[in-house]
Amino acid sequence: METSIHTFIHLLFTGIIALFPVVNPIGSAFMVNPYLQHLSNEDKKAAVKKITLYAFCVCVMSLLAGHYILELFGISIPVIQLAGGIMICKMGWEFLSAKNDEKSDVDKNDMQNDMGAQSDISNKLFYPVTFPVTTGAGTISVLFTLSAHSKALSINNYLINILAIIAAVLFMCILIYIFYLNTKKIITFLGSSGEKIVNRLTSFLIFCVGLQIAVSGIQTLVMEHIGK
């Protein structure tokens, strides 16, 4: 019993350490903020709850059945990395090219009316906010690796591994909820100038992250092709 508890705790921390860099709840919160910053507090809380739920479902599905789903459609991880990277690059470019600083008060009110509508933002909560920004190709790759390692174990150890990884996913989702809900407070603390800097820097980083993911996918595909 003590051995099982020790194994569970060890795998829990291993899962958290493996997932934190790829989920990156702090950085992702700044990436997602442009979609949520014009919502009221109630609407934002409801939206963040849905994002957290979607992220948990994506992670659990990836852990339990993702490998089989990809095999069913004949899709490889590098292809997911390439496609996800392209989508994130597109998001970053759109944010970079948006005219945030010179908007008139009327434009800002129109933007608030458009983006503040819960029915409008609901269409974006899964794609692109949850996938690929919050839980993208990197997260899925880590979960596939963890689940593949668990398959070789006995049924008892397999269940302990899966429960530990799900607990790690749950912990990451709690962090997502906290940071996504309080991003505006962090930006407000930075002030108006700091907000502009953060928005532009975040947009550039979104583009760079997407480019890095896409390049990693291309490199893996090339190496697989050379290996053949």
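This is a predicted model: local features need pLDDT of at least 70, side-chain atom pairs count only at pLDDT 80 or more; totals for chains, interfaces and linings use all residues.
## Annotated transmembrane spans

According to the unreviewed UniProt entry, the annotation "transmembrane region" applies to residues 6–30, 51–69, 125–146, 158–180 and 201–222. Such annotations may be inferred rather than shown by experiment.

Two of these spans are described here by their secondary structure. Residues 158–180 are 100% helix and 0% strand, with 33 Å between the end C-alpha atoms. For residues 201–222 the content is likewise 100% helix and 0% strand, and the end C-alpha atoms are 31 Å apart.

## Burial of helix α7

Helix α7 comprises residues 125–134, and seven of its 10 residues are buried, so the helix is largely enclosed by the rest of the structure. Burial here denotes a relative accessible area under 20%.

Two or more lining residues come from each of α3 (41–73), α7 and α8 (137–151). Helix α3 supplies the largest share of this lining, with seven residues.

In total, 13 residues line the second largest pocket, and those nearest its centre are Ser 62, Ile 69, Leu 70, Ile 80 and Ile 140. By residue class, the lining of the second largest pocket consists of 11 nonpolar and two polar residues, with no charged residue.

Technical notes:
Residues are numbered from 1 along each chain as its sequence is written. Side-chain values use heavy atoms; hydrogens and water are left out. Buried means under 20% relative accessible area, exposed over 50%, partly exposed in between (1.4 Å probe, protein chains only). Helices (H or I, at least four residues) and strands (E, at least two) are DSSP runs, numbered from the N terminus. On a 1 Å grid over the protein atoms alone, a cavity is a set of points where a 1.4 Å probe fits but cannot get out, and a pocket is an open set with protein on both sides within 12 Å along at least five of seven lines; lining residues have an atom within 4 Å of a point. Ala, Val, Leu, Ile, Met, Phe, Trp, Tyr, Cys and Pro count as nonpolar, Asp, Glu, Lys and Arg as charged, and the others, Gly among them, as polar.
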